[in-house]
Amino acid sequence: MSTILDVLQTIWLESGFASIGWKTIVMLVLACVLLYLGIVKKYEPLLMIGIAFGMLLTNLPGAGLYHPELWDQFIAGEIGYGTIMHEGGLLDILYIGVKSGLYPSLIFLGVGAMTDFGPLIANPKSLLLGSAAQLGVYCAFLLAIILGFTGNQAAAIGIIGGADGPTAIYLTSKLAPELLGAIAIAAYSYMALIPMIQPPIMRALTTEEERAIKMEQLRPVSKKEKIIFPIVVAAFVILLLPSTAPLIGCLMLGNLWRESGCADRLSDTAQNALMNIVTIFLGISVGATTVADRFLNLQTIEIIVLGLLAFSFSTVGGLLLGKLLCKLTHGRINPLIGSAGVSAVPMAARVSQTEGQKANPSNFLLMHAMGPNVAGVIGSAVAAGFLLALFG
């Protein structure tokens, strides 16, 4: 009888149940909340489900799937990827793709293959709106500095304002990997909430007359222009900011495959199979970094608040420049398209379309808003490259 009890006691002590503390319980509950938001509420489900389940796995005591202490040694230069491969768990190995910048770059490859830069080429002023909508990046950066974050951490927090999840993950993995989980969750949560965050700001900063402005149809863009565009942009931006090469290079290569007309198989693979595979690895890997001891702190709450402010300031920046362009063009530009300058494609453009139609049912702003929207993708990558050049 005593032998059976000893065996049962040994099994219990070696199980994860014996090690569960209040922090573990909180993280498991939070993981379930994120799973609910992803599955039931459809908040960025393709990544949110993976992040939430990665959070669940990494916080199960005894599983040994992710070892933050190994990555501390890696960052300190004491070990390399070989040690991680040899001694790490499954999630440690998958996380190599995040740390090396592989997954975000491949996501950009797929985004480029799915993106039509035609509206941006037809209306180059969209580049200005996409740039203005990066205001939240720098506002959040300054606020983070004031709150006591380091320069590297503040830069990683600020990029949330770009409304571009892969860019936020890329920059954070380079500058402040200890904040990756919180920043990724904040970025993707607010991206999903854009239809709730932006409209009140749009209505507060524009008049009914401005929102009702109908814009002229965009000019047709030739195939030659669409082929030349990614080549020129890649060369110019990478020469200007070499640190943007992985993101901008992959973005423009994916777009060149799309527009060339002779690489349909590669374009299709980048848009679908590759994008889906990388999304799986990226979500689980990011979720793995949300270890209870490092996630449950005041910094996480501050990041969540700063992320909301970053999104809001980015929307304000785009709208204010939109209003200025409206004045300068004597009412030919609807300022609502400025709010689409954030990088959430195509959700932000759809919000501009919805608000425009509320003011004028015959208003069709979607294609006009897509110009600033895709410009925001480039703008967020440029902002990340700038911050990486400063703090990397």
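Modeller: Let's start with Lys42, which sits in the loop between α2 (22-39) and α3. Bear in mind that this is a predicted model. Lys42 has a relative accessible area of 55%, and the cut-off for exposed is over 50%, so Lys42 counts as exposed. If you want a distance from there to another part of the chain, the C-alpha atoms of Lys42 and Phe281 are separated by 19 Å, and these two residues are 239 apart along the chain.

Now on to the helix itself. α3 covers residues 45-58, and its axis comes within 11 Å of the axis of α13 (residues 180-192), with a crossing angle of roughly 150°. Angles over 145 degrees count as roughly antiparallel, so that is what α3 is to α13. As for handedness, α3 passes α13 in a left-handed crossing.

Which residues do the touching? From α3 you get Leu47, Met48, Ile51 and Met55, and they meet Ile185, Tyr188 and Ser189 in α13. Sorted by type, the residues of this contact come out as six nonpolar, one polar and no charged. The spacing along a helix is worth a thought here: an α-helix has 3.6 residues a turn, so residues three or four places apart point the same way.

Terms used: Residues numbered from 1 in each chain as written. Predicted model: local features only at pLDDT ≥ 70, side-chain atom pairs only at ≥ 80, totals over all residues. Heavy atoms only, no water. Axes fitted to C-alpha atoms, helices over the stretch in contact; angles between N-to-C directions. Helix = DSSP H or I, 4+ residues; strand = E, 2+ residues; numbered from the N terminus. Parallel < 35°, antiparallel > 145°, perpendicular 65-115°, else oblique. Left-handed = near helix turned anticlockwise from the far one by under 90°. Contact = heavy atoms within 4.5 Å. Nonpolar A, V, L, I, M, F, W, Y, C, P; charged D, E, K, R; others polar. Buried < 20%, exposed > 50% of the residue type's maximum accessible area, 1.4 Å probe, protein only.
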